[in-house]
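Hello,

Here is the structure I promised to pass on to you. Please have a look at it, and then read my notes below.

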Amino acid sequence: MFEHTRIKLTFWYLTIIMLVSGFFSLIVYRGFTKEIGRGFRVQALHGIPGKRIILRDSDGFARILPFVIYPDEIPPEDVAEIISLAKARFATQLMIINGLILVLAGTAGYFLAGKTLRPIEVMLNDQKRFVADASHELRSPLTSMKSEIEVML
């Protein structure tokens with residue numbers, strides 16, 4: 001009975017921890033991507049005016065990137081690919097960290113669920129033993145009285 005309850009309690013611990021971890025990972029990822037964009041905007045505004053890259057998306061949106069960050073041999077098309085690869089690597093690292101958090105939290109949650117349920121299990125076992133002892137103590141005199149009455153009859 002307690003093993004099933006321990007697993008359920010561990011599941012709830014994990015659910016709460018992973019929701020919090022996922023929320024913070026999302027915040028960190030959004031901050032990372034915004035910081036990349038902010039850095040490009042600052043360098044585009046304050047960089048060397050003659051050394052800028054203009055990236056045009058398929059929908060016609062243009063972004064100005066400075067050449068200050070990248071060497072002259074990287075073409076503008078590769079700059080967007082480098083940025084998307086950096087974002088993908090960062091997202092992968094966040095997923096790996098969340099996976100480690102899942103494993104560590106699962107192990108710790110299982111251990112803590114056992115520690116939480118242990119006093120309840122001990123109390124329940126004590127209660128069962130008390131009921132068994134009390135019923136035995138009540139049955140013993142009744143059995144002897146029943147035996148004496150049968151002998152008398």
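**Aromatic rings and their surroundings**

The structure holds 4 aromatic pairs, where rings of Phe, Tyr and Trp (its six-membered ring) pair if their centres lie within 6.5 Å, and planes under 30 degrees apart count as stacked, over 60 as edge-to-face and the rest as tilted. One of them is stacked: the ring centres of Phe 32 and Phe 90 are 4.1 Å apart, with the planes at 20°. Because Phe 32 belongs to helix α1 and Phe 90 to helix α2 (residues 76-152), this pair ties together parts that are 58 residues apart in sequence. Helices here are DSSP runs (H or I, at least four residues), numbered from the N terminus.

This is a predicted model, in which local features need pLDDT of at least 70 and side-chain atom pairs count only at pLDDT 80 or more, while totals for chains, interfaces and linings use all residues. Residues are numbered from 1 along each chain as its sequence is written, and side-chain values use heavy atoms, leaving out hydrogens and water.

Together with Tyr 29, Phe 32 and Phe 90 form one aromatic cluster.

Helix α1 (residues 2-46) also contains Ser 25. Ser 25 is buried, at 12%, and touches Leu 94 and Asn 98 (heavy atoms within 4.5 Å), leaving aside residues up to four places away in sequence.

Enjoy exploring!

How values were computed. Helices (H or I, at least four residues) and strands (E, at least two) are DSSP runs, numbered from the N terminus. Buried means under 20% relative accessible area, exposed over 50%, partly exposed in between (1.4 Å probe, protein chains only).
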